[in-house]
Amino acid sequence: MKKKFLSLVLLSALMLVLAACNFGGSKEKTDESSKTTETKSEDKTLNLTIASEPPSMNPQLANDNISGAILRSLFEGLTRVDKDGKVQNAAAEDIKVSDDKLKYTFTLRDQKWSNGDQVVAGDFAYAWKWALNPKNASEYASILYPIKGAQAYNDGKGKEDAVGIKVVDDKTLEVTLENPTPYFLELTAFYTYLPVNEKVVKDNKKWAAEAGDTYVTNGPFTFDEWKHSDSISIKKNADYWDKDNVALNTINMKMVESEATAHRMFQSGDIDYLGSPFQVVPLDAMDGYKKDGTLKNKDYAAVYEYKFNTKGKFTKNANIRKALTLAIDREGLSKDILKGGQPAALSDVPIAIAGFEDENNGFKDNDIDGAKKALEAGMKELGIKKASDIKIGISINTSEAHQAIAQYIQEGWAKNLGIEVKIDNSEWQVYLDKVSALDYDAARMGWIADFNDAYTFLERYDTAKNGNNDTGWENPQYKSLMEKAVKETDEAKRLEYLKEGNKIITQEFPVAPIYFYVNNYVQKDYVKNMEPNKLGEIDLKSVDIQK
């Protein structure tokens, strides 16, 4: 599922790019107070900026943060994940799980599409099977793979009728899984699992291209206006089943690529919130917002890392990889370059992941003595006499942020290990091709969790053939642990398998975790209930404006 890290690539670039102008945080403008009290009390409009045009407003074709953030407001899946990471019933009024945890029966509540049609179980089944149909090239189809027969169908090796999705009647959807999946109810909140109105979609293949009559939704909001490459406006859905608990009347989203411009808009009162997943707080504005106490942050289930080519001339050696990993000063990087309070990553599984809050101890940060010992051992194993004979390339995709991080690590490796380090900068698609072909030594990458479970990070390395591995590394014991974790029904045992796997990958160093992301954001005092959960998502259904 290559596209899974695309959204993080864009996000990390936005989170870290050095802005052109230096703006600090400040108090809200006094001209805001010139509005009448009556106008303030009635104002339920939230103004935001988004970094770009959403690539797709089709739930089954979307693969990025911006599209996902909007889609979760326009549509409603069987479940929702709240700001505390808890799964809540949504379009499903009742959910029953079989004793073997393989069969889920969803009973839909009374709900209508924005055109007045009834939401039926067939709308979910149609959407999911559409995503799995290989002809439709849904890049996130693999998130449906826990469903029985889903991967075989998507790979062109199985039939649609064999997929474990059954419409019992208009109100009942029955789903059978390949293996017990503890996080399945989190998945049903993900945007690929959102329903679409089958009648509308079948009548118009371009139904999701515009904010017209064909764009039919079942969520708390509907499209009001979509000016391509300029702005999006959504409004409260009068037909939504839970409309009484939706406070906002309108949400305006202006497309603003520049973080500095978005920052100025926040300071002038043109927007009410600045932060992921819509836009980001510019790096050089962090200190000002910290100083005036307005900067907020939350742990984020995402990791920034350097992958190693385990087939490379030097990086094929585990001790060389260990030396490079230990010789990174993560705390210094966070303090001097990132400035957003990003925790040092000493494990590949973020501390925001349930059960792994205390597992960030795989190695010591900035362990120069340990790095030198590992380097010496690696040189002996490779028959190298001088450290300067080791030449390592750091591959990055074009971004001032990635460049700044790479230069910091380059200087540390050269100074503390005495090796030669060069930075290779490529445009995104060229970069992806190089990484996939193992045409690199160390390559920058990032990974966002789609659900709060360590498996989403660890399964990438179950085999060298895994499309998200890109290191050439595999370990039979590690593969066995991942297979056991997939089939285990006892949650405690399953967690132990995942922790054992995490220890193995942290000891063999096919990847050097660098830092865990945090969500930094600022908001006006009158914005209520707007904060990202650990997956970086914000449920706009819960947001209120209280002026």
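Biologist: How close do the axes of α11 and α13 come, and at what angle do they cross?

Modeller: This is a predicted model, in which local features need pLDDT of at least 70, side-chain atom pairs count only at pLDDT 80 or more, and totals for chains, interfaces and linings use all residues. Residues are numbered from 1 along each chain as its sequence is written, and side-chain values use heavy atoms, with hydrogens and water left out. Helices (H or I, at least four residues) and strands (E, at least two) are DSSP runs, numbered from the N terminus. Axes are lines fitted to C-alpha atoms, for helices over the stretch in contact, and angles run from 0 to 180 degrees between N-to-C directions. Here α11 (residues 330-338) and α13 (residues 400-417) have axes that come within 11 Å and cross at roughly 135 degrees. That makes α11 oblique to α13, because angles under 35 degrees count as roughly parallel, over 145 as roughly antiparallel, 65 to 115 as roughly perpendicular and the rest as oblique.

Biologist: Which residues of α11 and α13 make the contact?

Modeller: Contact means heavy atoms within 4.5 Å. From α11 come Gly 332, Leu 333, Asp 336, Ile 337 and Leu 338, and from α13 come Ala 404, Ile 405 and Tyr 408.

Biologist: In what order do the strands of the open sheet with mixed pairing lie?

Modeller: Two strands pair if DSSP finds at least two bridges between them. The order of the four strands is β1-β10-β9-β8. The twist from one strand to the next averages 20 degrees. β1 and β10 (residues 250-255) run parallel and are joined by six bridges, and Ile 50 stands opposite Met 255 in β10. Helix α3 (residues 65-74) packs on this sheet and touches β1, β8, β9 (231-236) and β10; its direction makes about 135 degrees with that of β8.

Biologist: Where is Asn 452 found, and which backbone oxygen does its side chain reach?

Modeller: A polar contact is a pair of N or O atoms within 3.5 Å; within protein, one must be able to donate a hydrogen and the other to accept it, and residues adjacent in sequence count only if both atoms are side-chain atoms. Asn 452 sits in the loop between β15 (442-448) and α15 (455-458). Its side chain reaches the backbone oxygen of Ala 352 at 3.5 Å, and a polar atom of that side chain lies 2.7 Å from the backbone nitrogen of Ala 354.
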